[in-house]
Every structure is written in structure tokens, then in C-alpha cells.
Amino acid sequence: MFLEPSFRNQRSGWIEVVCGSMFSGKTEELIRRIKRAKFANQKIQIFKPEKDIRYHIEKVVSHDENSIESIPIRTSREIYQHISDVNVVGIDEAQFLDNNLPEVCQKLAIRGIRVIVAGLDMDYKGRPFGPMPDLLAVAEYITKVHAICPHCGNLATHSYRLTDEEETVVLGEKDKYEPRCRMCFEMGNILDLKIQT
Ligand code: ZN
């Protein structure tokens with residue numbers, strides 16, 4: 001489990017990325033870290049992309065309905081307008097934000113802010129998703145969380161889309177996606193052998 005680094009004489013903040021497939025517990029992990037920062041009396045601000053409005057526009061909500069207040073943003077640079085007097089910034093569903101996000105996170109870190117970013121590392125085709133690969137490259141700490149593949153019980157790394165929609169972004173939950181291990185994902189997508197549940 002990730003434990004907060006504590007540096008004496010730390011001269012800047014840092015970037016943490018929590019990534020993985022759908023249903024892997026990314027948001028739960030983000031919320032866990034934010035709650036611990038609150039216990040440590042840190043001043044916190046959470047952001048999430050405006051397009052992720054599945055549950056509530058001003059809350060970060062995990063699948064188990066844990067929730068924390070957040071500010072919806074359309075572009076990653078909007079974060080700059082809300083960070084005076086903040087020690088910790090949390091960003092959920094970061095894969096939906098634009099490619100300026102890695103630069104924004106680095107500027108926050110230089111200002112002394114601890115930045116915790118959660119997001120899908122891959123889209124439904126197994127491709128690196130949005131700004132996530134660049135964020136992973138510049139982060140100090142990376143935690144990859146895994147779901148369980150319902151077909152074989154192995155660790156699931158991929159988000160398999162159960163519908164025929166072909167846009168990269170199709171919002172949905174268990175009605176549209178399931179976590180799969182690499183092999184069950186390949187069998188579904190590449191060989192077009194739908195696995196029967
Ligand atoms: Zn599997």
C-alpha cells in the first residue's frame with residue numbers, strides 16, 4: 001500500500017499517479033489518500049473533468065459510493081484558478097482531460113503542491129489513454145491497481161467494452177464494460193471470440 005513520503009527540507013511538491021482498468025479501485029485509492037491528507041490538516045482541492053457526470057457533477061464518487069467534493073473543469077489549465085493556499089490537489093478521471101495536464105501537474109509540483117492523479121491508463125482498445133502516458137513519465141510515484149477478470153480469476157488490466165460503440169469515450173459502468181486480463185481481452189477483441197459468461 002502506498003504510504004505518503006515525508007521529506008525533510010523537501011523543496012517542491014510531487015506527482016503521484018494511480019492508474020488501472022475500470023473497476024480496479026483507482027478512485028477508492030484517490031479518496032483514501034485524500035482522506036489521509038485531510039487527517040494531516042492539509043488543504044485540499046479535487047478536480048474532475050466536466051464530461052464525467054455519471055453520478056454527481058460536484059463529487060468524486062467511487063463505485064462503492066465513497067465521495068468527496070470536487071470542482072468540475074473543462075480544461076486542465078482551469079486548475080490554476082483554484083489553487084491559492086492549497087497543499088494537495090487531487091484529479092480524478094484524468095484520462096478525459098487534455099494534453100496540457102502533465103505540464104499543469106508539473107507546475108503545481110514546482111509550487112510545492114502534492115498532486116495525486118487517478119485515471120484509466122488504457123482505453124477500450126488497450127491504447128494509452130489521453131494524457132496518462134505522459135503523466136506516468138513525469139510522475140515521482142506510480143501505483144497500478146488491478147481488477148479481477150471475471151472469466152478466469154487472473155488480475156485484470158484491461159477495460160473490455162461489451163457494446164459495439166466505437167467512440168473512444170463512451171461513458172458507462174457495468175452495463176458497458178468489464179475488467180479483463182490480457183488474454184481474455186485479446187480473445188474478445190482481436191480474435192472476436194466473445195467469451196460466454
Ligand atoms: Zn481472464
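**Entry 1: a pocket**

I began with what counts as a pocket: on a 1 Å grid over the protein atoms alone, a pocket is an open set of points where a 1.4 Å probe fits, with protein on both sides within 12 Å along at least five of seven lines, and its lining residues have an atom within 4 Å of a point. Before going on I noted that this is a predicted model, in which local features need pLDDT of at least 70 and side-chain atom pairs count only at pLDDT 80 or more, while totals for chains, interfaces and linings use all residues. I also noted that residues are numbered from 1 along each chain as its sequence is written, and that side-chain values use heavy atoms, with hydrogens and water left out.

I then looked up the second largest pocket, which is lined by 14 residues, and I wrote down that P5, W14, Q42, N87 and R114 lie nearest its centre. Its volume is about 180 Å³, where a volume is the space filled by probe spheres set on the grid points, joined across faces, edges and corners. I sorted the lining into five nonpolar, six polar and three charged residues, with Ala, Val, Leu, Ile, Met, Phe, Trp, Tyr, Cys and Pro counted as nonpolar, Asp, Glu, Lys and Arg as charged, and the others, Gly among them, as polar.

**Entry 2: salt bridges**

Side chains of opposite charge can pair when their charged atoms come close. I used the term salt bridge for a side-chain nitrogen of Lys or Arg within 4 Å of a carboxyl oxygen of Asp or Glu, and I found that the structure holds 13 salt bridges.

One of them joins E103 to R77, with the closest N and O atoms 3.5 Å apart. This pair links distant parts of the chain, since E103 is in helix α2 (residues 101–110) and R77 is in the loop between β5 (71–73) and β6 (88–91), 26 residues apart. For these names I kept in mind that helices (H or I, at least four residues) and strands (E, at least two) are DSSP runs, numbered from the N terminus. I also looked up how open the two residues are, taking buried as under 20% relative accessible area, exposed as over 50% and partly exposed as in between (1.4 Å probe, protein chains only). E103 is partly exposed at 33%, and R77 is partly exposed at 41%.

Next I looked up E165 and K176, whose side chains meet in a salt bridge at 3.4 Å, N to O. E165 and K176 both lie in the loop between β11 (158–161) and β12 (177–180), so the pair ties together parts that are eleven residues apart in sequence. E165 counts as partly exposed, at 28% relative accessibility.

For E178 and R180 I noted a salt bridge at 2.7 Å, N to O, and both residues are buried. I also found a network of salt bridges that links E16, E29, R32, R33 and R114.

**Entry 3: the zinc ion**

Which atoms coordinate the zinc ion? I found the SG atoms of C149, C152, C181 and C184, at 2.3 to 2.4 Å. Donors here are N, O and S atoms within 2.8 Å of the metal (3.2 Å for Na, K and Ca), and water is not among the atoms, so sites may look incomplete.

Why is the arrangement called tetrahedral? The four donor atoms subtend angles of 99 to 119°, and four donors count as tetrahedral if all angles lie between 85 and 135 degrees.

Along the chain the donors follow the spacing C-x2-C-x28-C-x2-C. C152 is partly exposed at 38%, whereas C184 is buried at 8%.

**Entry 4: backbone angles and distances**

I noted that F23 has a positive phi of about 65° although it is not a glycine. F23 lies in the loop between β1 (14–20) and α1 (26–39), and it counts as buried at 17% relative accessibility.

E93, another residue other than glycine, has a positive phi near 55°.

Last, I looked up V89, which is found in strand β6 and is buried with a relative accessible area of 0%. The C-alpha atoms of V89 and A109 are separated by 9.6 Å, although the residues are 20 apart along the chain.

Key: Tetrahedral: all angles 85-135°; square planar, octahedral: opposite > 155°, others 65-115°.
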